[in-house]
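Open the model in your viewer and keep the sequence panel beside it. The stops below each begin with something to select.

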Amino acid sequence: MDTCRELEPSHIFVPGPIIVGAGPSGLAVAACLSNRGVPSVILERTDCLASLWQKRTYDRLKLHLPKHFCELPLMPFPKNFPKYPSKQQFISYVESYAARFNIKPVFNQTVEKAKFDAVSGLWNVKTQDGVYTSTWLVVATGENAEPVVPDIPGLKKFTGSVVHTSAYKSGSVFANRKVLVVGCGNSGMEVSLDLCRYNALPHMVVRNSVHVLPRDFFGLSTFGIAMTLLKWFPLKLVDTILLLLANSTLGNTDHLGLRRPKTGPIELKNVTGKTPVLDVGAISLIRSGHIRVTQAVKEITKNGAKFVNGQEIEFDSIILATGYKSNVPYWLKDNSFFTKEGMPKTPFPNGWKGEEGLYTVGFTRRGLSGTAFDAVKIADDIKDQWMKSNGPLSSRNICSSHIIHLHFNKS
Ligand SMILES: Cc1cc2nc3c(=O)[nH]c(=O)nc-3n(C[C@H](O)[C@H](O)[C@H](O)COP(=O)(O)OP(=O)(O)OC[C@H]3O[C@@H](n4cnc5c(N)ncnc54)[C@H](O)[C@@H]3O)c2cc1C
Ligand SMILES: NC(=O)C1=CN([C@@H]2O[C@H](COP(=O)(O)OP(=O)(O)OC[C@H]3O[C@@H](n4cnc5c(N)ncnc54)[C@H](OP(=O)(O)O)[C@@H]3O)[C@@H](O)[C@H]2O)C=CC1
Ligand SMILES: O=C(O)C(=O)Cc1c[nH]c2ccccc12
């Protein structure tokens with residue numbers, strides 16, 4: 001794994017690919033490469049594996065999809081794990097995964113800049129400590145790299161606490177507090193639910209339409225049902241069935257302030273990437289009045305919020321459940337493969353490969369199953385190139401100092 005050659009203290013040539021990010025995606029690629037005899041180096045900005053899961057998620061989090069849909073390649077979840085593993089179980093799975101494939105990322109390396117050098121044909125990847133160089137660059141920094149913090153009018157005037165869900169651990173510190181939760185995706189719903197369980201008083205902002213589906217239907221996961229139906233029926237029919245199923249278990253959610261989009265849940269996910277909410281209990285708390293649904297915020301005041309319908313409510317705290325974004329545009333330079341939002345322009349299933357040795361894993365908007373798909377494709381592709389330059393018939397030493405000197409002279 002860590003067979004890179006040190007050229008000078010701050011400049012390292014990596015014979016195999018450089019992978020940016022030690023989340024499930026980066027680890028999956030490293031494992032698949034290792035399994036095919038290709039070494040790699042992972043650069044990770046934090047001091048741990050799967051930092052999203054370890055540092056930026058709440059205590060009560062469980063996987064939303066049954067474990068077999070969230071498996072990384074080459075290693076299933078332990079049999080004794082429940083259908084929906086907890087955050088701690090998922091982290092322990094990821095740690096065993098890295099140990100099994102002897103993956104040792106270089107921690108505390110924030111990639112600040114990565115650029116392809118057409119002269120040497122190599123990628124130069126700069127961290128705060130130096131430059132790493134390789135023929136291949138695998139982008140594995142994730143769809144959730146940075147919190148989205150919207151510029152809501154008046155937010156700076158608010159005197160109470162404001163946190164993004166990525167910094168929320170549990171409702172224990174919010175007991176008996178009135179909390180405004182901005183956003184009603186899976187994070188907004190689950191944080192509101194958690195707040196209720198700690199006797200806080202959440203008000204959840206729903207500014208738009210939203211699809212809510214039950215996580216399970218008579219013991220079967222709704223996601224699993226959808227995947228099975230999609231093998232046999234057209235997408236629109238599957239969406240109709242899912243909505244019938246949702247109405248039969250959750251009832252009509254319109255009068256709770258949760259209007260459904262005109263487009264069905266799976267079609268909407270495919271077209272816009274917007275994940276339907278998989279309900280694990282928030283809907284019944286909305287129905288019972290424990291979670292209040294509010295309209296869009298007009299402005300935040302010193303002590304609370306004014307809403308578009310003219311209502312004004314005082315709050316002790318605000319939780320921004322406003323989602324996440326990719327950070328690729330901040331560090332990947334001169335690149336036309338990604339949109340300005342940092343997502344591959346090429347849609348699934350072909351978004352994993354760019355040009356000049358560039359790859360991306362985990363940007364499919366298909367969660368961990370998308371990661372597994374990308375990782376296998378990337379490892380197969382790089383292995384073919386690796387064999388050509390390092391196989392028994394190869395006459396080329398890709399670690400040649402000639403290539404490195406060329407590069408140094410240019411920079
Ligand atoms: C609350 C929550 C729950 C989720 N639940 C599920 C679920 O149940 N099932 C599912 O399939 N998906 C789920 N997801 C989707 C999630 O994207 C995946 O679970 C998974 O974490 C994606 O892995 P990744 O490696 O692509 O990204 P991440 O897990 O985000 O890992 C990316 C890594 O890159 C590092 N990094 C970022 N920028 C840099 C840089 N410039 N330099 C160096 N390192 C960098 C980060 O520190 C991080 O460790 C959930 C997401 C969230 C937010
Ligand atoms: N247990 C699990 O497996 C969980 C999984 N997740 C996953 O993590 C990912 C991120 O989810 P999440 O954090 O919920 O983010 P999402 O992007 O899914 O949702 C963001 C929410 O914030 C709202 N929003 C954004 N900006 C504003 C604004 N300025 N004013 C008001 N509302 C705003 C959006 O509304 P609008 O639609 O109007 O833009 C939307 O309701 C998803 O893939 C999700 O499925 C999250 C939690 C738990
Ligand atoms: O929870 C997430 O973030 C996921 O991306 C999991 C997921 C992928 N495809 C879906 C379709 C419907 C619900 C959840 C997912």
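**Stop 1: ligand 2**

Select ligand 2 and the side chain of Ser 187: an oxygen atom of the ligand is 2.6 Å from an N or O atom in that side chain. This is a polar contact, meaning a pair of N or O atoms within 3.5 Å; within protein, one must be able to donate a hydrogen and the other to accept it, and residues adjacent in sequence count only if both atoms are side-chain atoms. The protein buries 75% of the 920 Å² that ligand 2 exposes when taken alone (accessible areas come from the Shrake-Rupley method with a 1.4 Å probe; for residues, only the protein chains shown count as cover).

Before going on, note that this is a predicted model, in which local features need pLDDT of at least 70 and side-chain atom pairs count only at pLDDT 80 or more, while totals for chains, interfaces and linings use all residues. Residues are numbered from 1 along each chain as its sequence is written, chains are lettered from A and ligands numbered from 1 in the order in which they are written, and side-chain values use heavy atoms, with hydrogens and water left out.

Now show the whole shell. It holds 20 residues, and the closest are Lys 62, Asn 186, Ser 187, Arg 207 and Lys 274 (a residue is near a molecule or strand if one of its heavy atoms lies within 4 Å of it). Seven of the shell residues around ligand 2 are nonpolar, nine polar and four charged. In this classing, Ala, Val, Leu, Ile, Met, Phe, Trp, Tyr, Cys and Pro count as nonpolar, Asp, Glu, Lys and Arg as charged, and the others, Gly among them, as polar. Helix α4 (residues 186-197) gives the most to this shell around ligand 2, with three residues; helices (H or I, at least four residues) and strands (E, at least two) are DSSP runs, numbered from the N terminus.

Colour domain 1 (5-145 + 326-406) and domain 2 (148-320). Both give residues to the shell around ligand 2, so the ligand lies between them. The domain bounds come from an automatic or database domain assignment.

**Stop 2: ligand 3**

Select ligand 3 with Leu 65, Phe 223, Lys 269, Thr 275, Pro 276, Leu 278, Arg 366 and Gly 367, the residues around it. The protein covers 76% of the 350 Å² of accessible area that ligand 3 has on its own. A polar backbone atom of Gly 367 is 3.5 Å from an oxygen atom of ligand 3. Where does ligand 3 lie relative to domain 1 and domain 2? Both domains give residues to its shell, so ligand 3 lies between them.

**Stop 3: ligand 1**

Move to ligand 1, which has 30 residues around it; Ser 25, Glu 44, Ser 51, His 64 and Leu 368 come nearest.

- Pro 24, with a backbone N or O atom at 3.2 Å
- Asn 144, with a polar side-chain atom at 2.8 Å
- Leu 368, with a backbone N or O atom at 2.7 Å

Taken alone, ligand 1 exposes 990 Å², and the protein buries 92% of that. Show α1 (24-35), α2 (51-55) and α10 (367-390), each of which supplies at least two residues of the shell around ligand 1. Of the helices, α2 gives the most, with three residues. The shell around ligand 1 has 14 nonpolar, 14 polar and two charged residues.

**Stop 4: backbone details**

Select Phe 348 and Pro 349, which are joined by a cis peptide bond with omega of about 10°. Pro 349 sits in the loop between α9 (328-331) and β23 (358-360). Then select Asn 108, which is not a glycine but has a positive phi of about 60°. Asn 108 is in the loop between α3 (87-100) and β5 (111-117). Most residues other than glycine have a negative phi, and most peptide bonds are trans.
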